[in-house]
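Try each task before you read its solution.

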Amino acid sequence: MVEFTPEAERWMRRALELATHARDVEAEVPVGAVLVVAGEMIGEGWNRNISLNDPSAHAEILALRAAGARLGNYRFPGSTLYATLEPCAMCAMALVHARVGRVVYAAADPKTGAAGSVFDTLISERHNHRIAVSAGLLAEESASLLREFFRSRR
C-alpha cells in the first residue's frame, strides 16, 4: 500500500472540494483536480462539460489550462496532479503532453480509467514521457461522492 504525505492529503482534499462544487453549483459529475509544483498550486479545475458545452472540459484539462495561463507555458515538469477520479484516455494524453511528473488519484475508474484500470496510458513505453502514478488517496470519499451523484440521477 502506498503511503501518502499530509501534503498530498491536503491537495486531494482540495480536489474533493472542487468535485463537490462541480456537483452542487454546476450539477456536473463530481470530479476535481489540482496541479501542484514545489508545494504551490498552479492550476485547478472541476468537471464543466455540461455547463461549457465542451466534451473536453474535464477537471484535469481545466487544471492544465489554468496552469498554462498562469505560467505562460504548456509544460509542467516536476508537477503533480491530484485528481478525485482516475484520468480517462483524453486527460491522460494531455498530462503526458504537458510533461506532468506524477498523478495521484483517489477513485479508480473501471470503465474508462487510463492510469492502470483499463489502459496504462500514463506509463506506456510507447511515449517519450512517462508519469509516475499513485492511486487510492481518499478513494472511498471520492467513490462515495460519485456513487451518490449517479444514484440521485436514476
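This is a predicted model: local features need pLDDT of at least 70, side-chain atom pairs count only at pLDDT 80 or more; totals for chains, interfaces and linings use all residues.

## Exercise 1: Arg 99

Arg 99 has a relative accessible area of 17%, so this residue is buried.

**Task.** Find where Arg 99 sits in the chain and which residues, beyond its neighbours within four places in sequence, are in contact with Arg 99.

**Solution.** 
- Step 1: Start with the accessible area. The cut-off for buried is under 20%, and Arg 99 has 17%.
- Step 2: Locate the residue. Arg 99 lies in the loop that runs between α4 (89-97) and β4 (102-107).
- Step 3: List the contacts. Once neighbours within four places are set aside, Arg 99 touches Arg 75, Phe 76, Pro 77, Gly 78, Asn 128 and His 129.
- Step 4: Check a distance. Ala 143 is 44 residues from Arg 99 along the chain, and their C-alpha atoms are 27 Å apart.

## Exercise 2: β4 and its partner

**Task.** Decide whether β4 is mostly covered or uncovered, and in which sense β3 and β4 pair.

**Solution.** 
- Step 1: Count the buried residues. Five of the six residues of β4 are buried, so the strand is mostly covered.
- Step 2: Look at the pairing. β3 (residues 80-85) and β4 are parallel, with five bridges between them.
- Step 3: Pick out one facing pair. Tyr 105 in β4 has Ala 83 opposite.

## Exercise 3: Pro 87

**Solution.** 
- Step 1: Read the accessibility. Pro 87 has 0% relative accessibility and therefore counts as buried.
- Step 2: Pro 87 belongs to the loop between β3 and α4.

## Exercise 4: The whole chain

**Task.** How many helices and strands does the chain have, and how does its radius of gyration compare with the globule rule?

**Solution.** 
- Step 1: Count the elements. There are five helices and five strands, in the order α-β-β-α-α-β-α-β-β-α from the N terminus.
- Step 2: Compare the radius. The radius of gyration is 14 Å, close to the 15 Å from the globule rule for 154 residues, so the chain is as compact as a globular protein of that length.
- Step 3: Of the 154 residues, 48% are buried.

Note on methods: Residues are numbered from 1 along each chain as its sequence is written. Side-chain values use heavy atoms; hydrogens and water are left out. Helices (H or I, at least four residues) and strands (E, at least two) are DSSP runs, numbered from the N terminus. Buried means under 20% relative accessible area, exposed over 50%, partly exposed in between (1.4 Å probe, protein chains only). Contact means heavy atoms within 4.5 Å. The radius of gyration is taken over C-alpha atoms; the globule rule is 2.2 Å times the number of residues to the power 0.38. Two strands pair if DSSP finds at least two bridges between them.
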